[in-house]
Amino acid sequence: MTSRMFKFGVTAASACVGSVLASYTLDRWNTPHVVNNATVPPKRKRTLPPRADQIKSLMSGEEFDVLIIGGGATGAGCALDSVTRGLKTALVELDDFASGTSSRSTKLIHGGVRYLQKAILGLDLEQYRMVKEALAERATMLESAPHLTHPLPIMLPVYTWWQVPYYWVGIKAYDLVAGDRNVKSSYYLSKKDALELFPMLKKDKLCGAIVYYDGQQDDARMCLAVALTAARHGATVCNHVEVKELLKKDDGTGKQVLCGAKVKDHISGKEFTVKAKCIVNAAGPFTDSIRKMDNPTVKSICCPSSGVHIVLPGYYSPDQMGLLDPSTSDGRVIFFLPWQRQTIAGTTDLPCEITHNPTPTEDEIQFILSEIKNYLNADVEVRRGDVLSAWSGIRPLVSDPNKDDTQSLARNHIVHISPSNLITIAGGKWTTYRAMAEHTIDAAIKACNLKPERAEAVTSYLKIEGGQGWTPTMYIRLVQDFGLECEVAQHLAKSYGDRAFAVSKMASLTGKRWPIIGNRIHPEFPYIDAEIRYGVREYACTAVDMIARRLRLAFLNVQAAQEALPVIVDIMGEELGWSKDEKERQIKHATEFLANEMGHTVNRTSKERIPIKLSKEEIQTYIKRFQLIDKDKKGYVSINDIRRALKSFGDGDVSGEQLHEILREIDTNMNGQVELDEYLQMMSAIKTGDVAYSRFARMAELEEQKHEAANLKQKISVDRSGGGL
């Protein structure tokens, strides 16, 4: 025991001394963060042009200085960096802004606690510099988009006494490396204080906790805001435009260099050529497909890895405290974070194929659920049925083509210039998107001999779209000036910043005393009709663009997104002039997206796998309830039976769409009717916790209660009841 204590003490002390000395020595080589007041960021030049004007600009035949391929965080960051240096800039994205990895992150803005641990224990200078850069960029993101980002305390619970000093030293080193760019200082909590702040935490053997700070963001809207900021500064940014071919010319010395690309607009179907002096490949997981357009013989450098996240109800975590599991069964870390009034848990790390439509698997979902069970107390039953949505994102890990050893993966981002001057930016992380963009445009200017108005990047001083006039109490003005619900006003202020006033002006009257304006598109969420109309002006072209990235409904609750789809498509149809057939096509496509990419199918499949675990008495009770709804003795329950039952409870105004929603949640074989075995399976799933709630089950229970009450009235005469004259 004495030997173990001695080893633990030596480890903690060594880590502490090592981190302090390493930080001191290395920081002597790094200049401190100094804001250069002489650098004046350019002012925004214009209002946001419609997408049609952006397409016209692409088709104009004019030569751009820089053409960026990819509309994720890195591509949007490159566009903003390029245009604010005075370069004529264009960006094209095959799908939508942030449609890939950039919308499927853990929503954290962080330096990487575990990377710092590896850097210190392994004396890894490269990894240390990566963490330091990320921590500096974390502070820049929090400053540039205060409406979309905020500091988040994250608790690291400790269940072994010797780990308290070990983790405390590590987290303090994290603060130390951040230096004057630190968000807030970390601190230690006793067991009592930890349980007060995170009451869901497992109490047994808890010694205490360390709390440290990182940032949190709305990743898809952050990426969109960066792209919109670039557009306001004069960049031509177009989603749903695919690069079909890269074009080359002789530079006069016999060398073939890139000079443009053939592209296709998937909205109009038109194909055309875009001329450019320099092309930047920021395609994320699809980096190699663009590199092979440039040179079909080039070796692949992308090593894709799948990371799955799940969303659970908000009661799984406190509103303002996250949780970190530093050592899962597979050696990774699991984050458990409050986000948009729900709880995110993740992530996994498995090799995968590169695809535009990554899907979560049941095994990955079960892994995350099993890991978080280890940290929650017995009052919190972690149920499969509480998974509201699940998604998979592809991490574009890369080997460095600049090095001879291409087998080892690069820990940081890499910038590579091909013989034909294709500038490839790959790897990295969300937090460092701005620095990655700066390094990329620096390389592009040098390689392609571009002539910017400003030699250095100014993006560290820029406010992102919506951040200019935002204040933490701005939502109060929205309530007072427009008559919005407080919850809706807070949501608009956080999602749109100072653009929330423009959104509010598009809101329709409710016809109620309060709120005056702002009809919700789903009763459980603060999204309103005006956001759909404004989303079209933010270049949303499809229903999926809207439910996944302008609103975050698909990520928060896949069932709610499905229920809101008809309303969303109707409003988008008004704005974009969709025909009835086009509306149906959009609903079908969005339904497939929710089913495959947001976990709807895997949720339904998990229900189908559940064996029926009911007692004889329970089965008899449920058969009786089923037969009471199936009044015609057909052997199944139709949508008309559901309508009739709801009318008998006084719910006569239930819409056809609501009836279909009730049917869909239990109709696992998708034949448009509920059979007895489906009902019994649902009740078994509710009993085991694999399903949280069913409206059909509640309706059947009420039907039984009504039937018993009617029987009771028939049995008791007026004389026996003591009534009458």
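Q: What describes the packing of helix α4 (residues 113–121) and helix α5 (residues 125–144)?
A: Their axes come within 8 Å and cross at roughly 150 degrees. The model is a predicted one. The crossing of α4 and α5 is left-handed.

Q: Which residues of α4 and α5 meet?
A: From α4 come Y115, L116, K118 and A119. From α5 come Q127, Y128, M130 and V131. By class, the residues of this contact are 6 nonpolar, 1 polar and 1 charged.

Q: Why is A134 called buried?
A: Buried means under 20% relative accessible area. A134 has 0%, so A134 is buried. This residue lies in helix α5.

Q: What is A134 in contact with, leaving aside its neighbours within four places in sequence?
A: H110, G111, K429, T431 and T432. There is also a C-alpha to C-alpha distance of 8.5 Å between A134 and I109, which are 25 residues apart in sequence.

Q: How do you know whether Q217 is buried or exposed?
A: The relative accessible area of Q217 is 2%. The cut-off for buried is under 20%, so Q217 counts as buried. Q217 lies in strand β6 (residues 208–217).

Q: Which residues is Q217 in contact with, leaving aside its neighbours within four places in sequence?
A: K107, L108, I109, M141, L148, T149, M222, W339 and W430.

Q: Why does L646 count as buried?
A: L646 has 9% relative accessibility. Buried requires under 20%, so L646 qualifies. Its place is in helix α22 (residues 639–648).

Q: What makes α15 largely enclosed by the rest of the structure?
A: Of the 9 residues of α15, 7 are buried, so the helix is largely enclosed. The buried ones are D529, A530, E531, I532, Y534, G535 and V536. They pack against α8 (219–232), α13, α14, α16 and α18. Just after α15, Y539 takes a positive phi of about 75 degrees.

Q: What makes up the largest nonpolar core?
A: This core has 53 residues. L478, L484, L492, I568 and L594 have the most contacts inside it. Helices that each supply at least two residues of this core include α12 (474–482), α13 (486–496) and α19 (580–597). α18 gives the most, with 9 residues. At least three residues come from each of domain 2 (108–216 + 304–396) and domain 3 (473–604). Apart from this core lies another, of 47 residues, among them I68, A76, A79 and V280.

Q: Which residues is L492 in contact with, leaving aside its neighbours within four places in sequence?
A: L478, L484, G497, A500, V503, S504, I528 and E531.

Q: How do α16 and α18 cross, and at what angle?
A: The axes come within 10 Å and cross at roughly 115 degrees. The crossing is right-handed. A543, M546 and I547 of α16 make the contact with L565, I568, V569 and M572 of α18. The residues of this contact divide into 7 nonpolar, no polar and no charged.

Q: Where is the phi of K205, and is K205 buried or exposed?
A: Phi of K205 is near 65 degrees, a positive value in a residue other than glycine. K205 sits in the loop between α7 (191–197) and β6. Exposed means over 50%, and K205 has 71% relative accessibility, so K205 counts as exposed.

Q: Why is N449 called exposed?
A: The relative accessible area of N449 is 56%. The cut-off is over 50%, so N449 is exposed. N449 is found in the loop between α11 (433–448) and α12. Its phi is near 55 degrees, a positive value in a residue other than glycine.

Q: Which peptide bonds are cis?
A: One of them joins G346 and T347, with omega about 25 degrees. T347 lies in the loop between β14 (342–346) and β15 (350–351). The bond from W514 to P515 is also cis, with omega near -5 degrees. P515 is found in the loop between α14 and α15.

Key:
Residues numbered from 1 in each chain as written. Predicted model: local features only at pLDDT ≥ 70, side-chain atom pairs only at ≥ 80, totals over all residues. Heavy atoms only, no water. Core = buried A, V, L, I, M, F, W, Y, C linked by side-chain atoms within 4.5 Å. Buried < 20%, exposed > 50% of the residue type's maximum accessible area, 1.4 Å probe, protein only. Helix = DSSP H or I, 4+ residues; strand = E, 2+ residues; numbered from the N terminus. Domains from an automatic or database assignment. Contact = heavy atoms within 4.5 Å. Axes fitted to C-alpha atoms, helices over the stretch in contact; angles between N-to-C directions. Left-handed = near helix turned anticlockwise from the far one by under 90°. Nonpolar A, V, L, I, M, F, W, Y, C, P; charged D, E, K, R; others polar.
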